[in-house]
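Dear colleague,

I am passing on the structure that you will find just below, together with some notes on what came out of it. Please read the notes with the structure open beside them.

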Amino acid sequence: MESTSLIERILRGIAITVVILFFMFPIFWIFLMSLQTNETILRVPPSMVFEPSLQNYRALITGQLETQTGTLEIRFMGNLFNSFFLSTTSVAIGLLLGVPAAYAFARLKFRGSEDIAFTLLSFRFAPPLLVLLPLTIYFQQIGLANTYGGLIWVYQLIVLPLILWIVRGYFEDIPADVEYAYRIAGHDFWATFRKIALPLAGPGIAAAGLLAFIFAWNNFIFALVLASADKQPVTVGALAFITASGIQYGQIAAGIILSIAPTFALALYAQRYLVEGLSLGAVKG
Amino acid sequence: MTAQLTLQGVDKFYGPIGKGVHAVRDINMDIEKGEIIALLGSSGCGKTSTLRMVAGFEETSRGKILIAGREVQNLPPVRRNVAMAFEGYSLYPTVTVRENIAFALKAQRESDAQVDAKVNEVAEMLEITAILDKFPASISGGQQQRASLARALVRDADLYLLDEPMGQLEPQLRTLLRGRIKYYIKERGLTAILVTHDQTEANAMADRIAVMEGGVLQQFASPDEIKLAPANLFTGTFVGEPPMNVFSARAAEVSGDIQFRLDAGVELTYSADQFAPDLRAALLSRGEVVMGVRPYAVRRAKDKGGAAAQVVANQWLGDQTHIAAAFAGSTVVLVEHDRADIAMGDTISVELKPEDLHFFDPASGAAISHGTQMA
């Protein structure tokens, strides 16, 4: 790195700035929108000069949406809680099921293991809409429609294959002999899994969990069809801002800011795990 | 007395039994307590598979494995009470070298002082005292290998399995440690199996060498016996450096003498009484045989009594000379202890003494004779 010339560093700086502007500008603009009223948002030409107000956030947090035609009840905070609850629980269950499964797929070559792993991956190929209709009917019959349990179950379609395939790769990168060495030193299979395999694959598991959380958080279609108002996450709840008296751009923007905040914060916090995890090589060399 | 390790008809298939890759074929061996055994063979000969079956990392497809009289082939590694040093070191990356070595001892609930004393002793023996508090990632390959070796040797096990334990060490250190490790094992009366493809290491450390090829145990005998009486053509040519010279020959009786006709018109004649009568009969009745002679046993004839060979290479290695000469349609290699004043293209006369000849069956490769006696 020290050998890079000044020009190269300047060019690199410019390139990074352009990329950041390109990707971050929409979010920045949404942030500005969230502090304005519909009138200032919709003025032509748009301007960055306005009087900031927190009224959009206030409306979201109190659940009272003021429109020209009157006050509307919204459940944004409930949606936010639902998103949080559904994603966290789904990822927790996904990790609980997926990590041991990934270990089995990585270490034990049993009959049909590749086929089963591939089948799990293939859940990600099918368009969600394809499975939704039969799923809705089943869920209504067995009483899982519009329950947290049912949603979390369906969320495993998103979360489980992701965790399984990412974590499996990490387990496969641990030399089997490290585990053998531990086992021959007087430890059983489970102790080896807990004391050697899990810590060594830790960064990978963290990365997989984080990605799965983001995927679950961003899910829209499953929750749209399978959950009614009180179980809906923010992605679906945001539809409530398209009201009879117009689209509430300000509140939508504030809603977006509030709903990306957790994943954003999580990504920032776990960035170190992500980088460490995705760069692998913890035990190589 | 029961053997410390017994393998009975051990087979290893990768894939379905009878159909998959047959990596180890019907191995039978007994290893006594206190012995050091070397499994010697080229890559893919089945030596590591055998070792891993003993350790319990590979399923034993067929046959029995007994450690100290206990049948273990169906037990998990943890219940076999064996220690192993891995070819790939396989240190736990999250703890220091000291903790790596002490891991198994702590699992056995030995006292801290006891563990410390043992770790320090083995570390001193392997010259890794200075790196005990470092992490595996920050030490060299050779140091990792010694740490891995220490982790195995420090334990109190029925059997010590060492998979290529010194492959990464510098030659000088390797020579030094060979002696120390052997002494350490012998002093404590431990039983060890060493997997190696380095025959010098096998010769230096092992009481007996098991030569493997193609999943088959070719010969299981002392280093001397393998040198003097190789059981078959493979062992004969595999063990020994430089390798044994091999020629196809046709034995015939010519006016009371035995004559061997080699390729390219070379004829070697020995008086009949130089071979035992039964050997003479065996050679003559077979006709076609394979003749082997170690490079150390080939001599340049002082007079013109030998067979002519044309020198193609003359290498002085610093302590010995290797001379290669075109002979009998192929090449004969001979070793001399001093510099030889001969140039490429010179004709030399080589002498093969009957007591240095090994004869093998050309079809099966099995040894017919070593020297003047039947095998």
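In β12 and β13 of chain B, two strands that run antiparallel, 5 bridges make the join, where helices (H or I, at least four residues) and strands (E, at least two) are DSSP runs numbered from the N terminus, and where two strands pair if DSSP finds at least two bridges between them. Within this pairing B:R261 stands opposite B:E267 of β13(B), and the hairpin that the two strands form has 5 residues between them, with B:A264 in the turn taking a positive phi of about 60 degrees.

Before going further, please note that this is a predicted model, in which local features need pLDDT of at least 70 and side-chain atom pairs count only at pLDDT 80 or more, while totals for chains, interfaces and linings use all residues. Residues are numbered from 1 along each chain as its sequence is written, chains are lettered from A and ligands numbered from 1 in the order in which they are written, and side-chain values use heavy atoms, with hydrogens and water left out.

On its other pairing, β12 (residues 257-261) of chain B is joined by 5 bridges to β11 (residues 245-254) of chain B, and these strands also run antiparallel. Here B:R250 stands opposite B:R261 in β12(B), and the hairpin of β11(B) and β12(B) has 2 residues between the strands, with B:S255 at a positive phi near 40 degrees. These strands belong to an open sheet of 7 strands in chain B, in the order β13-β12-β11-β14-β20-β21-β22, with antiparallel pairing. Its edge strands, each of which pairs on one side only, are β13 (267-271) and β22 (373-374) of chain B.

Turning to domains, chain B is divided into domain 1 (5-230) and domain 2 (245-374), the bounds coming from an automatic or database domain assignment. The centres of these two domains of chain B, taken over C-alpha atoms, are separated by 39 Å. In chain B, 5 residues of domain 1 are in contact with 5 residues of domain 2, contact meaning heavy atoms within 4.5 Å. The area buried between domain 1 and domain 2 of chain B is about 340 Å², of which carbon and sulfur atoms give 54%; buried area is the accessible area (1.4 Å probe) that two parts lose on being put together, summed over both. Of the area that domain 1 of chain B buries against domain 2, 85% is supplied by B:K227, B:L228 and B:P230, more than by any other three residues. Between these domains of chain B there are 0 salt bridges, a salt bridge being a side-chain nitrogen of Lys or Arg within 4 Å of a carboxyl oxygen of Asp or Glu.

Between the chains, 15 residues of chain A are in contact with 20 residues of chain B. Chain A and chain B bury about 1500 Å² between them, with carbon and sulfur atoms giving 69% of that area, and A:D177, A:Y180 and A:I184 supply 40% of the area that chain A buries against chain B, more than any other three residues. The count between chain A and chain B is 1 salt bridge, formed by B:R52 with A:D177, whose closest N and O atoms are 2.5 Å apart. On the side of chain A that touches chain B, the elements giving two or more residues are α8 (176-184) and α9 (189-218) of chain A, and the largest share, 7 residues, comes from α8(A).

With kind regards
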